[in-house]
Amino acid sequence: MKIRLDRTLCDGFGYCAKHAPKHFSLDDWGYASLTGDGSVEKADEHDVMRALLDCPVHAIIEITAEDDL
């Protein structure tokens, strides 16, 4: 699984860092940053998917093989 974060959409709710702190960090104002290159190990997929689904502004996007074309 691979994800990306659209920081222009982030409103600083922080659900991503709560659910998947290994993949997201928050700045001093609460806005998210992606930790790493967006690659998600199989063991972390559940947490990252929960972060993706709980994001109220849909700032986390799962990258599919079609997106890489």
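Glu45 is partly exposed, at 23% relative accessible area. Buried means under 20% relative accessible area, exposed over 50%, and partly exposed in between (1.4 Å probe, protein chains only).

This is a predicted model: local features need pLDDT of at least 70, side-chain atom pairs count only at pLDDT 80 or more, and totals for chains, interfaces and linings use all residues. Residues are numbered from 1 along each chain as its sequence is written, and side-chain values use heavy atoms, with hydrogens and water left out.

Glu45 forms a salt bridge with Lys42. A salt bridge is a side-chain nitrogen of Lys or Arg within 4 Å of a carboxyl oxygen of Asp or Glu. Lys42 is exposed, at 67% relative accessibility.

Salt bridges with shared partners join Lys22, Glu41 and Asp44 into one network. The whole structure holds five salt bridges. Among them are these:

| Pair | Closest N and O atoms |
|---|---|
| Lys22 and Asp44 | 3.0 Å |
| Lys42 and Glu45 | 3.7 Å |

Glu41 sits in the loop between β3 (32-34) and α2 (45-54), and Lys22 in the loop between α1 (15-19) and β2 (24-26), so the pair ties together parts 19 residues apart in sequence. Helices (H or I, at least four residues) and strands (E, at least two) are DSSP runs, numbered from the N terminus. Glu41 is exposed, with 51% relative accessible area.

Lys22 also bridges to Asp44. That pair links distant parts of the chain, 22 residues apart: Lys22 is in the α1-β2 loop, Asp44 in the β3-α2 loop. Asp44 counts as buried, at 13% relative accessibility.
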